[in-house]
Amino acid sequence: MHRLSRYLVALIATFAALAPVTAAADPGDGASIVDVRPLGGRQYEVTVYSAAMNRTIPVWVSHPNGPAPALYLLNAVDGGETGGPWTNRTDVAQFFSDKPVNVITPIGGRASFYTDWVADDPTLGRNQWSTFLIHELPPLLESRFAMTGRNAVAGASMSATSALDLAIQAPGMYQAVGSFSGCPRTADAAARTYVRSTLELFGANAANMWGGDDNPAWSAHDPVLNAGRLRGVALYISAGNGVLGVHDSLTDPSIGGNVNTLTDRLAVGGAMETVVRGCTDSLVGALDSLGIPAQVVYRNGTHAWPYWQDDMHDSWPLFAGALGV
């Protein structure tokens with residue numbers, strides 16, 4: 001097992017024991033669309049300048065003919081920068097090729113939790129992702145692509161927590177939220193340890209994100225503590241249990257017969273999804289206690305992209321109904 005995998009296993013054990021930047025315009029300028037490049041069919045690469053972060057962000061957009069609502073699909077912990085975004089990891093382009101919805105995936109935001117950080121980080125730089133996703137990006141895309149103002153947001157792994165948090169921070173903006181294999185806890189000691197360890201893998205300091213342990217931001221961004229603010233939002237919440245699932249075999253295309261790949265997925269992905277299941281149970285329990293409905297999908301399986309592709313497919317009927325298409 002390689003070094004990163006061993007570190008991840010140690011990270012998970014600790015938790016369980018506790019229960020591209022480019023030159024941009026002047027920062028005084030407002031957010032703007034810098035370039036729109038057709039990729040063929042209904043796909044576009046849109047380059048957006050974020051005034052809040054003073055840099056340009058590439059955004060993949062799948063745009064149907066005519067006005068349609070939006071589904072913001074957030075990348076996992078690498079922000080789509082290294083292992084690849086949704087478009088490389090799944091059949092997202094093909095799946096949505098005939099759906100009456102704009103699908104929007106920003107590229108970037110590794111280890112950022114897609115939130116506004118309290119301070120710039122020496123490694124990751126300036127992260128003001130909530131501002132970008134809530135205030136800067138939507139009006140630009142709505143103007144350029146004739147969107148309807150109805151929105152859904154979904155994420156996998158790290159960004160599953162982010163998707164829930166965005167809905168909490170921007171009441172009424174999202175009609176549906178998808179949390180695919182996320183750990184929707186941030187405030188308790190175990191959750192803070194997990195978040196810090198995740199950011200450390202990318203050389204980042206979590207104190208620059210939400211401050212020290214006494215900073216109320218850790219609680220303000222906790223979907224379990226703030227579950228009541230999700231009332232009225234259509235929710236799709238999934239988690240595996242860490243044991244062998246339908247995609248955890250040598251014959252699965254994502255494994256391709258590679259024994260080392262399968263071994264790594266079972267050791268690392270299995271342990272991670274066990275943690276995810278416990279976190280998800282906390283959120284589901286909080287929602288149940290408040291009488292807030294959710295489509296909850298529990299399954300055998302590990303922490304891996306093929307399951308999130310399944311989630312993307314399976315959540316679409318819920319999203320479509322909430323978006324009115």
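Two strands count as paired if DSSP finds at least two bridges between them, and strands here are DSSP runs of E with at least two residues, numbered from the N terminus like the helices (H or I, at least four). What you have open is a predicted model, in which local features need pLDDT of at least 70 and side-chain atom pairs count only at pLDDT 80 or more, while totals for chains, interfaces and linings use all residues. Residues are numbered from 1 along each chain as its sequence is written, and side-chain values use heavy atoms, with hydrogens and water left out.

**Stop one: the strands.** Select 43–50, strand β2. Six of its eight residues are buried (under 20% relative accessible area; 1.4 Å probe, protein chains only). Click R37 and you'll find its bridge partner in β2, E45. Two residues separate β1 and β2 in this hairpin, and G41 in the turn has a positive phi of about 65°.

Next, bring in 55–62. This is β3, running antiparallel to β2 with eight bridges joining the two.

**Stop two: D165.** Jump to helix α5, residues 158–169, and pick out D165. Which side chain makes a polar contact with the side chain of D165? H221 does, at 2.7 Å (a polar contact is a pair of N or O atoms within 3.5 Å; within protein, one must be able to donate a hydrogen and the other to accept it, and residues adjacent in sequence count only if both atoms are side-chain atoms). D165 is also buried, and the nearest side chain of opposite charge, R229, is 7.4 Å away (Lys and Arg count as positive, Asp and Glu as negative; His and the chain ends are not counted).

Methods
Buried means under 20% relative accessible area, exposed over 50%, partly exposed in between (1.4 Å probe, protein chains only). A salt bridge is a side-chain nitrogen of Lys or Arg within 4 Å of a carboxyl oxygen of Asp or Glu.
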